[in-house]
Amino acid sequence: MSLILMIIGAVLASVLVAFVIVKYLPLNLRWIPSVLLLLLAVYLGYLIYDGIMKPINFNKQKVVKFEKVIKNLKIIRDAQVKYYEVNGVYTKDKEGLIKFIDTAQLALTETKTIVEKENKGGGVIIDVEKRVTDTIGYEPVLKYFKDRDYKNMFKVPGVPNTEFEIEIGEVEKVQGLVVPTFRARTPKEGILEGMDESLIKQEKEAIETDQIKGEYVSVGSLEEVTTGGNWPPKYDRKDGAKKEE
């Protein structure tokens with residue numbers, strides 16, 4: 001809006017200067033307003049260029065910043081998922097979750113179908129198939145975090161002395177079935193600090209499907225059963241491409 005007002009103002013000023021030149025200035029002085037108009041045109045061109053490029057550069061920079069944050073949120077999510085597999089709940093104990101990765105073991109199971117004889121009475125014996133799950137070994141949780149900086153996963157990249165908020169809760173998925181939930185998040189404002197204030201405000205109000213919606217970058221939810229993040233698929237595609245390289 002401010003750029004549009006500046007352009008309108010510049011056009012009106014140009015018309016006014018042109019009128020003054022024609023109406024009042026003698027021929028030998030008309031070069032002065034001509035130079036002023038040229039300078040005004042250059043300045044106006046700069047404003048237009050800056051107005052176009054500022055949001056473009058903002059979007060490029062924010063994606064770079066958000067990618068680093070999402071990378072850590074994915075590590076937190078994977079750690080919570082493994083913790084849930086072992087303990088049946090999530091945790092908000094940050095140090096405890098790091099220690100869990102360092103020391104915990106995951107059970108390796110095998111499910112197979114066996115056939116058992118079942119006496120139905122009256123001399124009737126039938127074969128009944130049953131599925132049996134056995135533990136066949138264990139593997140360290142640490143295996144899933146090889147080459148990942150899980151020791152620093154709670155630190156928000158690019159935001160000094162700031163860690164992700166970690167919360168846990170419960171959701172009644174269906175009547176009588178209560179399911180644990182977790183959420184890790186950090187405000188966008190801190191990540192984008194130092195950038196254009198008006199564009200940060202717009203980013204915090206984002207609702208488009210190709211953007212990170214709302215004021216936070218987050219993974220998980222306290223309102224529904226999910227371990228997904230609030231970022232669009234493009235951030236996952238980039239992560240997948242890096243793994244393939």
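Author: Contact means that heavy atoms lie within 4.5 Å. The model is predicted: local features need pLDDT of at least 70, side-chain atom pairs count only at pLDDT 80 or more, and totals for chains, interfaces and linings use all residues. Residues are numbered from 1 along each chain as its sequence is written, and side-chain values use heavy atoms, with hydrogens and water left out.

Reader: Which residues does Ser 218 touch, not counting residues up to four places away in sequence?

Author: Ser 218 is placed in strand β5; helices (H or I, at least four residues) and strands (E, at least two) are DSSP runs, numbered from the N terminus. With those sequence neighbours set aside, Ser 218 touches Leu 73, Ala 184, Arg 185, Gly 229, Asn 230 and Trp 231.

Reader: Is Thr 186 buried or exposed?

Author: Thr 186 belongs to strand β4, which covers residues 177–187. Buried means under 20% relative accessible area, exposed over 50%, and partly exposed in between (1.4 Å probe, protein chains only). Thr 186 has 3% relative accessibility, so this residue counts as buried.

Reader: What kind of pair do the rings of Tyr 83 and Phe 100 make?

Author: Rings of Phe, Tyr and Trp (its six-membered ring) pair if their centres lie within 6.5 Å; planes under 30 degrees apart count as stacked, over 60 as edge-to-face and the rest as tilted. By this rule there are 4 aromatic pairs. Here the ring centres of Tyr 83 and Phe 100 are 5.0 Å apart with planes at 65 degrees, so the pair is edge-to-face.

Reader: How many residues apart are Tyr 83 and Phe 100?

Author: Tyr 83 is buried at 18% relative accessible area, and Phe 100 is buried at 8%. Tyr 83 is in helix α2 (residues 31–87) and Phe 100 in helix α3 (residues 94–103), so this pair links distant parts of the chain, with a separation in residues of 17.

Reader: Over the face of which residue does Arg 185 lie?

Author: A charge sits over a ring if NZ of Lys or CZ of Arg is within 6 Å of the ring centre and within 35 degrees of the ring normal. The charged end of Lys 82 is over the ring of Tyr 144, 3.8 Å from its centre. Arg 185, at 3.8 Å from the ring centre, lies over the face of Tyr 216.
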